[in-house]
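Q: I am new to this structure and would like to learn how to read it. Please take me through it feature by feature.

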Amino acid sequence: MAVTKQTEIKALPPERGDTPHHSCHVYYGYGKGKTTCCIGLAIRALGACKRVALVQFDKGYDGETEHYSERRILRSLEGMKLHPTGCERMREDGSFRFGVEPQDLEESKRGFELAENLIREGNQDLLILDEVLAAVAYDLAEQEDVMRLLDAYDANRQCELVLTGHKVWDELIDRADLVTEMRKVKHYYAKGTPARLGIEF
C-alpha cells in the first residue's frame, strides 16, 4: 500500500489576505447549522495556521462520556483550545435534564468569566462562543452579560469573535459586524427522526 507523505502546512503570507481587521459574527436562529458553521470556520482558521479558542456554553463534559462527536477531533488539533462549560444533562437512563439548577448558573458564570479573560488576553486569532446566546434565551445569563463581553471586545479587538444561539436582540444586532439567521424551513425532527450520531451530535 502506498503511503502518502503529509505536506507541512505553512502560514499564508500577509499579502494573501491576512489583515489586522477583526469582526464580530453572530449566527442565530432555530435552524440547524450554527455550531456546524462555527466548526467549519475553526477548521478554516486552523488551516491558515491561526489559533482558535472555542468556549461552549451549557454543553458540559464530565471527563468521561463525550456527547459531542466533534470535540473528539477538535481536542487533537494543533492550535485549538477547547473550553466546554455547563453541567451534564444526560441522565444514566438516556433522558435529558431540562431546567436551570444552581450548578447550571455557576457553570454559565464560569463560561462568561472565561470568555472575558480570553477576549482581554487576546492569545487567539478566532474566539468562538458557542451557544452564548442560548444561555440568555434559557435563563442561564442576561443580555447585559453578553453586552459586557462586547464592551471588552470593542475596547481592543485582538481576534475574530463569533457568537451563536437561538435568539438575538436589537442592540446586539447593531453591535455585530455580521449577522446570519439560520431559519428552519423544514426539519426531519417533525417526522420523528431522532438526533443521530455524527449528524446532530
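Q: How many residues line the largest pocket, and which lie nearest its centre?
A: On a 1 Å grid over the protein atoms alone, a pocket is an open set of points where a 1.4 Å probe fits, with protein on both sides within 12 Å along at least five of seven lines; lining residues have an atom within 4 Å of a point. Here the lining has 39 residues, and Lys59, Tyr68, Glu131, Tyr189 and Glu200 lie nearest the centre. This is a predicted model: local features need pLDDT of at least 70, side-chain atom pairs count only at pLDDT 80 or more, and totals for chains, interfaces and linings use all residues. Residues are numbered from 1 along each chain as its sequence is written, and side-chain values use heavy atoms, with hydrogens and water left out.

Q: What is the lining of the largest pocket made of?
A: Ala, Val, Leu, Ile, Met, Phe, Trp, Tyr, Cys and Pro count as nonpolar, Asp, Glu, Lys and Arg as charged, and the others, Gly among them, as polar. The lining divides into 17 nonpolar, eleven polar and eleven charged residues. Its largest share, four residues, comes from helix 1.

Q: Which residues touch the most other members of the largest nonpolar core?
A: A nonpolar core is a set of buried Ala, Val, Leu, Ile, Met, Phe, Trp, Tyr and Cys residues joined through side-chain atoms within 4.5 Å. Buried means under 20% relative accessible area, exposed over 50%, partly exposed in between (1.4 Å probe, protein chains only). In the largest core, of 30 residues, they are Leu127, Leu129, Val146 and Leu163. Helix 5 gives the largest share of this core, six residues. A second, separate core has 15 residues, among them Ile39 and Met182.

Q: Is leucine 178 buried or partly exposed?
A: Leucine 178, in strand 6 (residues 178-181), is partly exposed because its relative accessible area is 33%.

Q: What does leucine 178 touch?
A: Contact means heavy atoms within 4.5 Å. Not counting residues up to four places away in sequence, leucine 178 touches Cys24, His25, Val26 and Tyr27. Leucine 178 and valine 26 are 152 residues apart in sequence, yet 6.1 Å apart in space, C-alpha to C-alpha.

Notes: Helices (H or I, at least four residues) and strands (E, at least two) are DSSP runs, numbered from the N terminus.
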